[in-house]
Each structure stands twice: as C-alpha cells, then as structure tokens.
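Here are some friendly notes to read alongside the structure. Please keep the view open as you go through the points.

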2 protein chains.
Amino acid sequence: MSISSRKKWVPALAGTLALTLAGTALAQGSKEAEGAIKYRQSLYTVIYNNFGPMGAMASGKAPFDAAVFQRNAARVAFLSSIAPDVFPEVSKTGNTKAKPEIWANKAEFDKLMKDFGDKANSLALASKSGTLDGSKAAFGAAAGACKACHDKFKAE
Amino acid sequence: MSISSRKKWVPALAGTLALTLAGTALAQGSKEAEGAIKYRQSLYTVIYNNFGPMGAMASGKAPFDAAVFQRNAARVAFLSSIAPDVFPEVSKTGNTKAKPEIWANKAEFDKLMKDFGDKANSLALASKSGTLDGSKAAFGAAAGACKACHDKFKAE
C-alpha cells in the first residue's frame with residue numbers, strides 16, 4: 001500500500017469508527033429514552049385510571065362511592081410523588097407528547113408539578129370527609145392543576 | 001312484496017340487527033378490555049421501574065443507595081395494593097400475557113397476589129434498616145413472590 005493511499009484509508013477508517021461509536025451511543029440513548037418514556041406514560045396511565053372514576057362521580061356521571069373515591073384520591077396523592085421522577089432529560093427525545101419546553105423551563109415545570117402534588121394531597125385529605133360535597137372543590141383544584149401543566153407542557 | 005319474500009327478509013334483517021348489536025357489544029368489550037389491559041401493563045411497568053434498581057443494588061450491579069432503596073421499596077409496597085384491581089375478567093381477552101388460568105383458578109391467583117403484597121410490605125419494612133444486609137433477604141422473598149406468580153400465570 002502506498003503512503004498516499006494509506007493516508008486516505010486512515011481517515012476513512014477513523015470516520016467509520018466515529019460513526020459506529022456515535023451510532024451505538026445513539027442506540028443506547030434511544031433505548032434509555034424509550035424506557036424512560038414508557039415509565040412516564042405508564043405512571044400517567046395509572047394516575048388517569050384512578051382520577052377518571054373520581055371525575056365521573058364529581059360530575060354526576062357515576063354514583064358517588066365514598067370508599068372508592070377516598071381510595072383513588074389516596075392513590076393519586078401517592079402517585080403524584082413519583083411524577084417528578086419520570087421526566088429525566090434523556091426522555092426529551094422520542095415518541096412522547098412531553099414538550100421540550102419542560103426541560104427548557106424546568107423551574108416553571110417544577111412549580112406546576114409541585115402544585116399537582118399539593119392539590120392531590122389536599123384532595124386525599126378532603127376525600128376523608130366521605131362526602132361528595134366535601135370533596136368536590138378539592139377535586140376541581142386537582143383537575144385544574146393537571147390541566148395547567150398539560151396546557152403548557154403537553155402536546156395535543 | 002309477497003308474503004313469502006317478506007318471510008325471508010324479516011329473519012335476514014333480524015339476523016343483521018343481531019350481528020350489528022353483537023358487533024357493537026364486542027367493540028365496546030374490546031375497548032374496555034384494551035383499557036383494562038393497558039392499565040394493568042402500566043401498573044406493572046411502574047412496579048418494574050422501581051423494583052429493577054433495587055435488584056441491581058441487591059446483586060451488586062449498582063452501588064447501594066439506602067434512600068433510593070427505601071423509597072422504591074415503599075413505592076412497590078403501595079403499588080402492590082393496586083395490583084389486585086387490575087385483573088378484571090374483561091381483561092382476559094386481548095393483547096396480554098396474563099394467562100386465562102388467572103380467572104379459572106382465581107383463588108390460587110389471589111393467594112399469590114396476597115403473598116406479593118405481604119412480601120412487598122415486609123421489604124418496605126426491612127428497607128428501613130438502611131442497610132443492604134438488612135434488606136437482602138426481604139428483597140429475595142419479594143422477587144420470589146413475583147416469580148411464583150409469573151411462572152404460573154404469565155405467558156413467556
């Protein structure tokens with residue numbers, strides 16, 4: 001092999017190696033992102049499945065069941081404490097409705113997230129009244145906290 | 001229209017109506033089943049994401065972090081209390097690894113499910129030791145409870 005042909009070959013190999021390494025890093029990043037997004041969507045699905053029935057009761061679409069309402073409110077309060085953990089920066093890219101603004105405006109996002117936790121805990125407390133009248137305002141406030149964050153940070 | 005042709009037409013219409021109603025019921029059933037399966041898989045994804053890091057610590061693959069271990073153990077204990085709710089009979093049919101044996105052998109399933117809850121609560125208690133040595137046996141027992149149920153009632 002002549003020196004001139006080796007000169008071409010070495011950068012080409014280096015380029016291939018660099019691309020391979022970048023590709024591997026990207027694949028690992030994607031896999032990590034995919035897992036983190038799946039965790040996030042799963043947590044919100046569990047929240048939704050417990051929040052929904054309370055909404056049906058609050059709006060009169062389902063009969064009020066004090067035990068189920070109280071149980072679901074306690075669950076949403078607990079689950080709200082996990083929510084801040086499911087937005088690692090790696091989960092910014094991928095098949096997600098979470099807007100990149102979450103990570104660009106982290107302080108604002110954290111404030112809305114804290115408000116969700118606060119309102120969910122207030123709802124759990126209010127639900128102990130065992131009455132719909134005693135729970136309705138707190139339910140509305142919790143639903144409002146969900147909406148405030150979704151309006152700002154969740155794509156349609 | 002002659003009487004004879006009407007005689008053919010009426011049962012045909014009744015048949016079509018019956019099929020349409022059955023189809024609607026099936027579609028609604030599928031939608032309900034789909035939602036219930038999604039809820040179940042989501043709950044287990046959240047459990048898995050909290051159980052996994054404890055497993056990595058217990059096996060020495062990740063450094064022991066007492067605070068994370070204790071937090072995750074408390075989460076799994078709480079989530080185990082939701083688990084019995086995510087196996088409604090409607091969720092038997094659909095894109096799920098949950099075996100139909102769950103609903104055929106409900107008493108046995110419920111026993112294994114209760115054992116998971118018990119072991120998860122014991123793990124949460126043990127994790128308060130703040131040490132890996134104080135948590136390892138309880139972690140193994142909880143992992144064993146997961147496996148016992150999966151071996152019997154979860155498809156590969």
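How many residues does the contact take from chain B and from chain A?

1. The contact takes 16 residues from chain B and 16 residues from chain A, where contact means heavy atoms within 4.5 Å. Before going further, please note that this is a predicted model, in which local features need pLDDT of at least 70 and side-chain atom pairs count only at pLDDT 80 or more, while totals for chains, interfaces and linings use all residues. Residues are numbered from 1 along each chain as its sequence is written, chains are lettered from A and ligands numbered from 1 in the order in which they are written, and side-chain values use heavy atoms, with hydrogens and water left out.

2. Between them, chain B and chain A bury about 1,400 Å², with 64% of it on carbon and sulfur atoms. Buried area here is the accessible area (1.4 Å probe) that two parts lose on being put together, summed over both. On the chain B side, B:Tyr39, B:Arg75 and B:Phe78 supply 39% of the area buried against chain A, more than any other three residues.

3. Now for the helices at this contact. Helices are DSSP runs (H or I, at least four residues), numbered from the N terminus. The axes of helix α2 (residues 66-80) of chain A and helix α2 (residues 66-80) of chain B come within 11 Å and cross at roughly 155°. The axes are lines fitted to C-alpha atoms over the stretch in contact, and angles run from 0 to 180 degrees between N-to-C directions. That crossing makes α2(A) roughly antiparallel to α2(B), a term for angles over 145 degrees. It is also left-handed, meaning that the near helix is turned anticlockwise from the far one by less than a right angle.

4. Which residues meet between α2(A) and α2(B)? A:Ala74, A:Arg75, A:Phe78 and A:Leu79 meet B:Ala74, B:Arg75, B:Phe78 and B:Leu79.

5. Side chains of opposite charge can pair when their charged atoms come close. The count between chain B and chain A is four salt bridges, each a side-chain nitrogen of Lys or Arg within 4 Å of a carboxyl oxygen of Asp or Glu. One of them joins A:Asp85 to B:Arg75, with the closest N and O atoms 2.7 Å apart. This pair runs from the loop between α2 and α3 (101-104) of chain A to helix α2 of chain B. Another joins B:Asp85 and A:Arg71 (3.0 Å, N to O). Over all chains, the count comes to 16 salt bridges.

6. In chain B, the axes of helix α4 (residues 106-127) and helix α5 (residues 136-153) come within 8 Å and cross at roughly 160°. α4(B) and α5(B) are therefore roughly antiparallel to each other, and their crossing is left-handed.

7. In chain A, helix α4 (residues 106-127) and helix α5 (residues 133-153) pack at about 160°, with their axes 8 Å apart. That makes α4(A) roughly antiparallel to α5(A). The crossing of α4(A) and α5(A) is left-handed, and the residues of their contact divide into 14 nonpolar, four polar and four charged.

Terms used
Helices (H or I, at least four residues) and strands (E, at least two) are DSSP runs, numbered from the N terminus. Angles under 35 degrees count as roughly parallel, over 145 as roughly antiparallel, 65 to 115 as roughly perpendicular and the rest as oblique. Ala, Val, Leu, Ile, Met, Phe, Trp, Tyr, Cys and Pro count as nonpolar, Asp, Glu, Lys and Arg as charged, and the others, Gly among them, as polar.
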